[in-house]
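Me: I have a structure open and want to go through it piece by piece. Can you take my questions as they come?

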Amino acid sequence: MEMRIGLIPLPIYVLLAALIGGFIAQGKVPTDISVSIAVLAVGGFTCAEFGKRIPLLRHIGAAAIFATFVPSFLVYMHAIPPVLLKNVSEFTKSSNFLYLFIASIVVGSIFSMDRTVLVKGFLKIFAPLAAGTVVAALVGTAVGAALGLGWQHTLFFIVVPIMAGGVGEGAIPLSIGYAAILGHAQGDIFAEVLPPVMLGSLSAILMSGALNFVGKRFPHLTGEGRLQPGAEEALRVVELPAGTVDVPQVASAGLTAIALYMVGLMSHKLFDFPAPVVMLFVAVLLKLCRVVSPQLQQASHVVYKFFSTAVTYPLLFAIGAALTPWEKLIAAFTVANLITIVATVASLMATGFVVGRMLKMYPIETAIINACHSGQGGTGDVAILTAANRMQMMPFAQIATRIGGAIVVTLALFALARVGV
């Protein structure tokens, strides 16, 4: 029972796999939450276990990459039985548990941060993010133009989608805006801007995993999740006597995260503000106003640890199988596109590294936050931070993805209306 596949004891893993196989043989996998959790756990931890055992690649985030892209490839090859895929897709899309994960991670990590460090970090992270966006736009456009793609096409259909904030908040609004401005079909434009989003995210995952490896070799370049030196207490919650944080406290912390996310949802309905951004700023405001009790801080940290440890790989498996179409990913596999995408992401991260170091921040951390700006929205943030082993930086990643993406989309639509393609 102490031999494990991910978190699952080996005998339980074998039992679950056999039971899932039995349901497949009967032609119907139940869609209730218990069975879906078992399916995602077996799939996610199996893929991650393979990634963790591959020489060299295991040091640059292979577990997260395998958990996300192997199921996508298996779906493309029709290697996942349709009844099993139906279970995964229906549960993933109907439950939308990605946002439960993000809410728990964001609220837990913010409530666990030192108050002073939180303020300084949020104020300073915008400088490397803004500088990286400008440099990446210039470098990516120049590289694409040099490779014969044309600067307008490169900027608006490759570089901008990479930094637009993912699919729901980036590619879809872009395609709608582009279609209205250019008079083209929205579906055709969406199919064109989606592959750079996905390949940009994959590049960011690989590079962030590589930076995590670099940080192990050169520890002076990284705070292992802390954004700036002198913040050793950044992630330490108030120490309480043993047994003070009990099950009701943990449950209340979980419901607090859900409540803050619902505040974000209501703001989105009323004012069209992105729900995760509103949730993030409300959590920061509560922390700054000192209304979070020591017990709630520690309980929120427990919720954060649970989700980051137990839910990450099953979530990535669900994202890969249900939300990551392999055919869209390989559609952009031309040499010119690949070079342009990699150059864009690399320059974005390199600028974050340099500017972060100039501002006396840990350069590896600022580079990874900039990488999240080129991620596939919330799903990309999860995969990038998992590959980099820095899930506690999710609040800063959400700033890069949501706010950075919204600014890029707005500026791109304004520029396209003036320039045209």
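Me: Which helix gives the largest share of the lining of the largest cavity?
Reply: H17 does, with three residues. This is a predicted model, where local features need pLDDT of at least 70, side-chain atom pairs count only at pLDDT 80 or more, and totals for chains, interfaces and linings use all residues. Residues are numbered from 1 along each chain as its sequence is written, and side-chain values use heavy atoms, with hydrogens and water left out.

Me: What counts as a helix and as a cavity here?
Reply: Helices (H or I, at least four residues) are DSSP runs, numbered from the N terminus. A cavity is a set of points, on a 1 Å grid over the protein atoms alone, where a 1.4 Å probe fits but cannot get out; lining residues have an atom within 4 Å of a point. Grid points are joined across faces, edges and corners, and a volume is the space filled by probe spheres set on the points.

Me: How many cavities of 30 Å³ or more are there, and how much space lies in the largest?
Reply: There are three of 30 Å³ or more. The largest cavity holds about 60 Å³ of space.

Me: Which residues line the largest cavity?
Reply: Its lining is made of Thr68, Phe69, Ser201, Ile205, Ile319, Thr324, Gln376, Thr379, Gly380 and Ala383. At least two residues of that lining come from each of helix H3 (62-76), helix H10 (186-217) and H17.

Me: Staying in H10, is Ser208 buried or exposed?
Reply: Ser208, which is found in helix H10, is buried, with a relative accessible area of 0%. The cut-offs are under 20% relative accessible area for buried, over 50% for exposed and in between for partly exposed (1.4 Å probe, protein chains only).

Me: What is Ser208 in contact with?
Reply: Met349, Ile368, Ala371, Ile384 and Ala388, leaving aside neighbours within four places in sequence. Contact means heavy atoms within 4.5 Å.

Me: Change of topic. How many salt bridges are there?
Reply: Six. The criterion is a side-chain nitrogen of Lys or Arg within 4 Å of a carboxyl oxygen of Asp or Glu.

Me: What does Glu365 pair with?
Reply: Glu365 forms a salt bridge with Arg390, and the closest N and O atoms are 2.6 Å apart. Glu365 lies in helix H16 (residues 363-372) and Arg390 in the loop between helix H17 (377-388) and helix H18 (394-419), so the pair ties together parts that are 25 residues apart in sequence. Glu365 is buried at a relative accessible area of 0%, and Arg390 is buried at 0% relative accessibility.

Me: Which residues does the network of salt bridges that share partners join?
Reply: Lys216, Glu224, Glu365 and Arg390 are joined into one network. Within it, Glu224 bridges to Lys216 with the closest N and O atoms 3.7 Å apart. Glu224 is partly exposed at 35% relative accessible area, and Lys216 is partly exposed at 49%.

Me: And what does Glu2 meet in a salt bridge?
Reply: Arg4, at 3.8 Å, N to O. Glu2 is exposed, with 65% relative accessible area, while Arg4 counts as partly exposed at 40%.

Me: Now the nonpolar core. How many residues has the largest one?
Reply: It has 117 residues, and those with the most contacts inside it are Phe101 and Tyr178. A nonpolar core is a set of buried Ala, Val, Leu, Ile, Met, Phe, Trp, Tyr and Cys residues joined through side-chain atoms within 4.5 Å. Helix H13 (residues 294-323) gives the largest share of this core, 13 residues.

Me: What is Tyr178 in contact with?
Reply: Beyond neighbours within four places in sequence, its contacts include Phe156, Phe157, Val160, Ala412, Leu413 and Leu416.

Me: Last one. Where is Gln398, and what does it touch?
Reply: Gln398 is found in helix H18 and is buried at 1% relative accessible area. Not counting residues up to four places away in sequence, Gln398 touches Ile102, Val106, Pro276, Leu280, Gly378, Asp381 and Ile403.

Note on methods. On a 1 Å grid over the protein atoms alone, a cavity is a set of points where a 1.4 Å probe fits but cannot get out, and a pocket is an open set with protein on both sides within 12 Å along at least five of seven lines; lining residues have an atom within 4 Å of a point.
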